[in-house]
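Subject: Structure handover

Hello,

Here is the structure I said I would pass on. Please look it over alongside the notes below.

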2 protein chains.
Amino acid sequence: MSSIGIKDVAAIAGVSITTVSRALRNPGRVSEATREKVLAAVNKAGYTPNKFGVGLRTAKSGNIVAIIPDVSDSFNFGVIRAIGRAANKQGYSVLLGDTHGSEERERAYADMVKSRHADGVILFSQHLPFEIEADKPAAQQLPPLVNSCEPVPMPGIPTVTIDNTAAAGEATAHLIGLGHKNIAVITGNMDSPSSRDRLQGFRRAMQAAGLAVNERYIVNGKYTVESGHQGTNQLLLRRDRPSAIFCFSDEMALGCYSSLQEHGFGVPGDMSVMGFDDIHYARHFSPPLTTVAQPVEDIGTHCVDLLLKVMNGDQLDKDLYILPHKLVVRGSTAPLRQ
Amino acid sequence: MSSIGIKDVAAIAGVSITTVSRALRNPGRVSEATREKVLAAVNKAGYTPNKFGVGLRTAKSGNIVAIIPDVSDSFNFGVIRAIGRAANKQGYSVLLGDTHGSEERERAYADMVKSRHADGVILFSQHLPFEIEADKPAAQQLPPLVNSCEPVPMPGIPTVTIDNTAAAGEATAHLIGLGHKNIAVITGNMDSPSSRDRLQGFRRAMQAAGLAVNERYIVNGKYTVESGHQGTNQLLLRRDRPSAIFCFSDEMALGCYSSLQEHGFGVPGDMSVMGFDDIHYARHFSPPLTTVAQPVEDIGTHCVDLLLKVMNGDQLDKDLYILPHKLVVRGSTAPLRQ
DNA sequence: TTGAAAGCGCTAACAT
DNA sequence: ATGTTAGCGCTTTCAA
């Protein structure tokens, strides 16, 4: 834990500290010979530039904060990992901003940009943890920010997401194609745009097939395993049961499975189950879950790339980046038994 | 994104920057009146101290790196969350150091302490990403470091873990108590101390019950869902099948379930399954998984508390902190069918 | 109780 | 191609 500074390296190499700095950042502006001398000295001394010194000069921390309401969700978590990988590749580190649903913590993380703790923010919630003055355009008052998965209803904020409406529509169409007419839905948090969009997609697909939506079949979940379990319980209680359940997240589908199994229903024999997200576990559910895959890796890469552009002051050609989803048919959906 | 500094606050409050600094850090050494004046100015200006300035002076970043080989594991992930919560409570942020198994990244994260990017390290792997000179005590050459879950075989490094041997023993005893004699094991990574300890615990419990261990029943997994699936496939192939499978992680148990289901085996009717970790999903498996719960929240808190002590230069009374585990009996284990 | 001034480690403008 | 020097924002002696 010694404190090797640029001075020590300069001394060893027999050059000025400026030359050391240049050899490291701007190799082109230093002669080949000195550069090698410096590099050798760096190695010998075991020198790593002090972030504070660098940061104070450059006003760049090399950090990105990812603000997430709930990291315990496998899907969010997959995106985080992807973001981490992409950020690392670009020389950035990711600060994990799990807010545990607290607005106070959300604000604390947001403040990290102000305190230069981080250079930019990737936001996973529809809630903007920044104060906006109504009379100015929002985008200009915000720190470098990219919004992921849950589109903030505000223009000028770059957003990376999928077409939730279309995706839910395809999922629904798949069930309809299997002959299902009585299709239930367990939604996510209804204050989240993603869940509202998915519900809309479902309704449209039903309508397009000339099928009526039974409002009693629409149960409010919260994207969590527990809520999937409860939602399914609720649906099974009904005299007229659905033949298929569309869960707006794979986590809820897991809860759905456990409720069905508890009550003696087989999947997909007695009930078809459709998920959303394609989390890592989905293919290992018993039976493997039919679901809509979100391009987690792509989302992460895009978020980071965009954020770096914003941080760099680049002009973006558009705000909204819609990435392709994909219906993944596995064993949890089957033709309606007549 | 303006740049409000201590100077601005000082100007607004009509005091020197020294006084502003003191009012914020050392409120006792400033008169009540001026403190209020300063605080008001801080609020008005929307001032947040610049981390670099502070850090340069204090040589403290307020960051902790958690170095993890694979965050996608739900168990590791639970610990990370707990660490995040605990760290936040103490005013620290957590840098997510997912190494994706790469030693290079591991080293990069370890270097963050040297570059003052972080003040300390929490390590989740048995591999020390630091160069140690053999002739000096290791602990003195290391940055503030706490080791979690996978004890590093090196004295002087504070470690937070559970008694894996005892825990696996209890799990095994539970199966034996249900009448099982032919018990198979799917291990984790065998280069991990945790897996080795668990295997030892298994062997001891079998021996204590006077039961022979069939070496063919011991399959090497990797703690992943996939390896649990493959391991189970392998076991089912055998002419003499076990009646119970002890998976050294819940993730593997999930893979085990899916293999069993694929091949028409019911849990626990045809096969009892025991997990390890008690990840969030375990209770929602179908059937709910019998497993050994690790005290994730406690592990996280202890890691952070210890690390802060180490960073603070406090003398620790011991190196090894063994936290209590707990056998959680759910529906995946049942008495042996005669 | 308060302020002036030095300096933490580094980069970049300017000088050579 | 290299060196000198100012200063990033802050805390902390030291002096008043």
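This is a predicted model: local features need pLDDT of at least 70, side-chain atom pairs count only at pLDDT 80 or more; totals for chains, interfaces and linings use all residues.

Residues are numbered from 1 along each chain as its sequence is written, chains are lettered from A and ligands numbered from 1 in the order in which they are written, and side-chain values use heavy atoms, with hydrogens and water left out.

DNA strand D

DNA strand D is surrounded by 25 residues, where a residue is near a strand or molecule if one of its heavy atoms lies within 4 Å of it. The closest are A:Thr18, A:Thr19, A:Arg57, B:Ile6 and B:Arg25. Of the atoms of DNA strand D that come within 4 Å of the protein, 51% belong to sugar and phosphate.

A polar side-chain atom of B:Arg25 is 2.3 Å from one, a backbone N or O atom of A:Ser16 is 3.0 Å from one, and a polar backbone atom of B:Asn50 is 3.1 Å from one. Two or more residues of the surface come from each of helix H2 (17-25) and helix H4 (51-58) of chain A, and from each of helix H2 (17-25) and helix H4 (51-58) of chain B. Helices (H or I, at least four residues) and strands (E, at least two) are DSSP runs, numbered from the N terminus.

DNA strand C

DNA strand C also has 25 residues around it, the closest being A:Ile6, A:Arg25, A:Tyr47, B:Thr19 and B:Arg57. Sugar and phosphate make up 56% of its atoms that come within 4 Å of the protein. A base nitrogen of DNA strand C lies 3.0 Å from a polar side-chain atom of A:Thr18. On the phosphate side, a side-chain N or O atom of B:Thr19 is 2.4 Å from an oxygen, and a backbone N or O atom of B:Ser16 is 3.0 Å from one.

Sheet in chain A

In chain A, 4 strands form an open, parallel sheet in the order E7-E6-E8-E9; two strands pair if DSSP finds at least two bridges between them. Its edges are strand E7 (218-220) and strand E9 (272-274), each pairing on one side only. Between E6 (residues 183-187) and E8 (residues 244-247) of chain A there are 4 bridges, and A:Ala184 has A:Ile245 as its bridge partner in E8(A).

Backbone details

A cis peptide bond, with omega about 0°, joins A:Val267 and A:Pro268, and another joins B:Val267 and B:Pro268. A:Pro268 sits in the loop between helix H11 (250-262) and E9 of chain A.

Although not a glycine, A:Asp278 has a positive phi of about 60°. This residue is in the loop between E9 and strand E10 (291-293) of chain A and, at 17% relative accessibility, counts as buried (under 20% relative accessible area; exposed is over 50%, partly exposed in between; 1.4 Å probe, protein chains only). B:Ala59 also has a positive phi, near 55°, and counts as partly exposed at 32% relative accessibility.

Regards

Note on methods: A polar contact is a pair of N or O atoms within 3.5 Å; within protein, one must be able to donate a hydrogen and the other to accept it, and residues adjacent in sequence count only if both atoms are side-chain atoms.
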